[in-house]
Amino acid sequence: MILRKFIGGCLLALALLPALALAGDVSATLDRNDVQLGETVTLNVRVNGQGMGVAAPDLGALNRDFQVLGSSQNSSYSMVNGKASAELTFGIALRPRHTGVLQIPALSVAGSQTTPLQLTVTAPDPNAASTSSKDVFMESQINPARGYVGQQFTYVTRLYYAARIGGDAPQPPQVAGVEIVPLGKGLNYDTERGGRSYHVLEQRYAVTPQHAGKVEIPPVDFEGQAADPRDPDSFFGATVPVSASAPAQTLDVKAAPADFGGSAWLPARELSLSLDGWPTAQDAAPRVGQPFDLTMNLQATGLSQEALPALSLPPLDGATVYPDKPVSGNRQDGEWVTGRRQQSFAIVPERAGPLTIPATTLKWWNVVSDKMEVARIPAHTIDVLPAVGAPATPPAAAAATPAVTGDHTAATGSTNGAASTPWRWIALASFGLWVLSLAVWWWWRRRSGEAATSVAPARSSARNAQLAFLAAARGSDPAAQARGLLAWARAERPAIQHLGDLSAALDDPRQHAAIAALQRRHYAGAAVPEPDANLAEAFKRGFAWRAASAAGKDSGLAPLYPFKLD
């Protein structure tokens with residue numbers, strides 16, 4: 001079974017490759033937004049949905065403001081929950097030609113265009129230029145210099161070296177109460193300081209303070225060896241020890257605003273919340289007992305996946321919610337971490353008519369504008385059709401209205417005409433009623449005899465359905481078990497439409513639990529390594545039907561997945 005699923009997944013991925021080659025979602029980012037003149041910067045052009053066969057973008061429009069030093073490309077494939085995805089990245093090394101706010105225009109690639117970008121290029125720092133007399137030195141930077149607890153800051157260290165050196169890369173600083181995580185691998189580029197050329201090893205870190213107050217990031221040190229230019233034998237390995245230290249940095253960390261409320265504190269640069277998968281006009285409308293899927297997505301720039309809350313749907317009136325396994329992850333653009341959570345839900349309608357998914361809101365703090373914002377999924381209503389084979393309107397209710405109207409009309413007519421009816425017509429009517437009574441009595445006696453003779457076949461049909469269900473219960477196919485249980489229930493109670501109806505009509509907690517477990521396996525895909533003995537055990541003595549007086553009362557059971565996202 002596992003091998004077949006693996007082979008099927010591989011075939012699915014191969015089948016999707018042509019489709020992936022047709023869809024292109026392009027984006028462009030810079031590894032840095034501020035550089036000094038003489039430094040290099042990397043422009044990353046990403047093409048989502050493509051992994052091969054894409055021509056590199058035309059870089060001619062960059063020549064006016066930049067010197068193109070070189071380019072590379074990298075492709076990757078992944079498969080999450082059976083969905084294949086691909087990404088192709090072009091990396092272009094650029095060196096600005098002058099200072100100012102330089103424009104990187106939109107580039108055409110894979111039939112789409114990237115969004116224009118801006119790069120701020122400043123003159124070299126005079127203080128740094130004075131340091132350039134050294135063969136090896138370091139710098140550090142923190143961005144922004146102040147913010148909130150739980151907010152992501154970007155910390156950068158740069159090691160400058162004029163000649164070939166050896167040694168371990170500088171280690172990240174260690175600060176109590178502060179989470180420091182590398183943002184990708186180190187960058188290597190060249191720059192000029194004071195008319196002298198240097199190689200630069202740059203490393204970026206995501207810094208997330210866990211408490212408010214002044215936070216000091218200590219100096220970061222480097223120790224290594226460099227070739228000794230004064231030794232004529234240095235070509236053969238003579239070296240001298242070298243060291244450098246990046247200055248300490250201080251963070252001003254504020255606590256969460258007092259008026260934010262008791263919700264989860266989410267300080268982010270951007271945040272989006274969406275719910276996808278609604279049935280469209282081209283889709284068949286959902287029916288009672290038939291699940292349809294919705295997917296909730298939460299994405300936040302400046303927050304990791306660990307800081308994001310679990311996703312859920314508000315309680316639904318008229319449906320049961322079965323959440324799938326959540327998917328989460330982080331993405332980095334060289335400066336900020338973007339956390340993502342995705343949660344799919346199987347919605348099983350329990351009655352026909354309008355089904356409303358209430359609005360979902362999530363408060364968060366925009367650290368760029370320094371104010372609270374609310375991400376919102378608006379309420380949505382869909383129409384649920386009756387189960388296949390069920391009437392659109394209950395027969396009893398449809399017949400009740402004409403019967404009441406007809407009886408009321410007949411009674412009014414008799415009253416209005418009673419005073420003028422001749423006595424002979426009253427006598428004839430009485431005789432007719434007596435004859436009709438005899439006929440009804442005769443029909444009732446005959447019908448009772450027929451009903452008595454039909455009890456045995458009905459019981460036989462229910463017994464056969466029970467045996468078929470018990471046989472399915474000994475297997476591991478939840479779909480067959482659900483069909484067998486419903487067939488048996490309908491043989492005894494034809495009004496039962498789905499498993500929710502059956503559970504509501506029963507008065508045994510063990511049978512409620514067995515049906516709930518069966519629904520989880522059937523609709524939510526819960527793993528079933530072996531047959532469920534509890535299912536057959538719960539129903540081996542038959543259904544524990546509720547008494548008529550309790551049929552309309554609430555079961556008192558808590559929702560199977562009582563999640564709530566405030």
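Colleague: Is Tyr160 buried or exposed, and what is its relative accessible area?

Modeller: This is a predicted model, in which local features need pLDDT of at least 70 and side-chain atom pairs count only at pLDDT 80 or more, while totals for chains, interfaces and linings use all residues. Residues are numbered from 1 along each chain as its sequence is written, and side-chain values use heavy atoms, without hydrogens and water. Buried means under 20% relative accessible area, exposed over 50%, and partly exposed in between (1.4 Å probe, protein chains only). Tyr160 is therefore buried, its relative accessible area being 0%.

Colleague: Which kind of pair do the rings of Tyr160 and Tyr198 form?

Modeller: Rings of Phe, Tyr and Trp (its six-membered ring) pair if their centres lie within 6.5 Å; planes under 30 degrees apart count as stacked, over 60 as edge-to-face and the rest as tilted. The centres of Tyr160 and Tyr198 are 6.3 Å apart and their planes stand at 85°, so the pair is edge-to-face.

Colleague: How many aromatic pairs does this rule count?

Modeller: Among them are Tyr148 and Trp265, with centres 5.7 Å apart and planes at 65°, so this pair is edge-to-face. By the rule, the count comes to 15 aromatic pairs.

Colleague: Over which ring does the charged end of Arg493 sit?

Modeller: A charge sits over a ring if NZ of Lys or CZ of Arg is within 6 Å of the ring centre and within 35 degrees of the ring normal. The charged end of Arg493 is 4.2 Å from the centre of the ring it covers, that of Trp545.
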